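Let us walk through a protein model together, one step at a time. Keep the sequence and the 3D view side by side as you read.

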Amino acid sequence: MPLPDSSQYIPHLAFDSVVFGFSKGKLKILLMEYHATGWLALPGGFVKRDEDLENAVKRGLQERTGLEDVYLEQFHTFGTIDRFQPEVMKSILLASGAEVPEDYWMLDRFFSIGYYALLDHEKVTLTPDILSDSIAWYEVDQLPDLIFDHNKIVQKALQTLRENLDRKLIGGNLLPERFTMNELQAVYEAILGEKLRRTSFQRKMLSLDILERHEKLFTGKSHKAPYLYSFKP
């Protein structure tokens, strides 16, 4: 495998993306499994010298999910000395069939800028990168051990997501364009990790004046058909 040339990228700068999706009542994130190691990690990458930081993150996500227009939030920069583990990166490159010089730039210490992304689970087409055997969804509350400090990155992203929940239209990025109130409540419960009272949640969401009500969703199973909603532009 040909290795990326250091002249194309900004040295010592990386990004890691915590990609959230919602499916079957569960909040999930995307993880990659590196070739022949069994190691799991967040999708990330490096920033090209002629590229904006956010465009680099969008490029990495588009290559792995097929989506170009995604909701992104930068939430923290990670730079502790214990995340510097050149032997781990070298093992990943060797397992992919690369010849790795001792002074290769990807073995250097990197500061990583964390982003979280919110995607509609149903629209994603997952594609592993050249270092990975697979990329798949994992439930947030049942995450395996990840390499480097990626478990800490996930927890920081989740904390920020919860703090932003009432200030930004987060739910709308995890659901189809139109959704029921029960579906929106399920997203909030998955993010917060707790059950919410149905009447209190509905009253709160309607009081915020951020939802537009549409026709009822008739399924033929019940005379109590729920209304469909969308977020106001």
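Which residues of α4 are buried? They are Met-181, Leu-184, Gln-185, Val-187, Tyr-188, Glu-189 and Ile-191. Here, buried means under 20% relative accessible area, exposed means over 50%, and partly exposed lies in between, using a 1.4 Å probe and protein chains only.

Before going on, a word about where these values come from. This is a predicted model, in which local features need pLDDT of at least 70 and side-chain atom pairs count only at pLDDT 80 or more, while totals for chains, interfaces and linings use all residues. Residues are numbered from 1 along each chain as its sequence is written, and side-chain values use heavy atoms, with hydrogens and water left out.

Now back to the helix. Helices are DSSP runs of H or I with at least four residues, strands are runs of E with at least two, and both are numbered from the N terminus. Helix α4 covers residues 181–192, and its 12 residues should span 16 Å at 1.5 Å a residue. The expected span is 1.5 Å times one less than the number of residues. The end C-alpha atoms are 16 Å apart, which agrees. After α4 comes Gly-193, with a positive phi near 75 degrees.

Look next at Glu-189, which has its place in helix α4. Glu-189 counts as buried because its relative accessibility is 15%. Leaving aside residues up to four places away in sequence, Glu-189 touches Glu-194, Lys-195 and Leu-196, where contact means heavy atoms within 4.5 Å.

Let us turn to the aromatic rings. Rings of Phe, Tyr and Trp (its six-membered ring) pair if their centres lie within 6.5 Å; planes under 30 degrees apart count as stacked, over 60 as edge-to-face and the rest as tilted. By this rule there are 11 aromatic pairs. In one of them, the ring centres of Phe-75 and Tyr-116 are 6.2 Å apart and the planes meet at 35 degrees, so the pair is tilted. Phe-75 lies in strand β5 (residues 71–78) and Tyr-116 in strand β6 (residues 111–118), so this pair ties together parts that are 41 residues apart in sequence. Phe-75 is buried at 11% relative accessible area, and Tyr-116 is buried at 0%.

Tyr-188 and Phe-201 form an edge-to-face pair, 5.1 Å centre to centre with 65 degrees between the planes.
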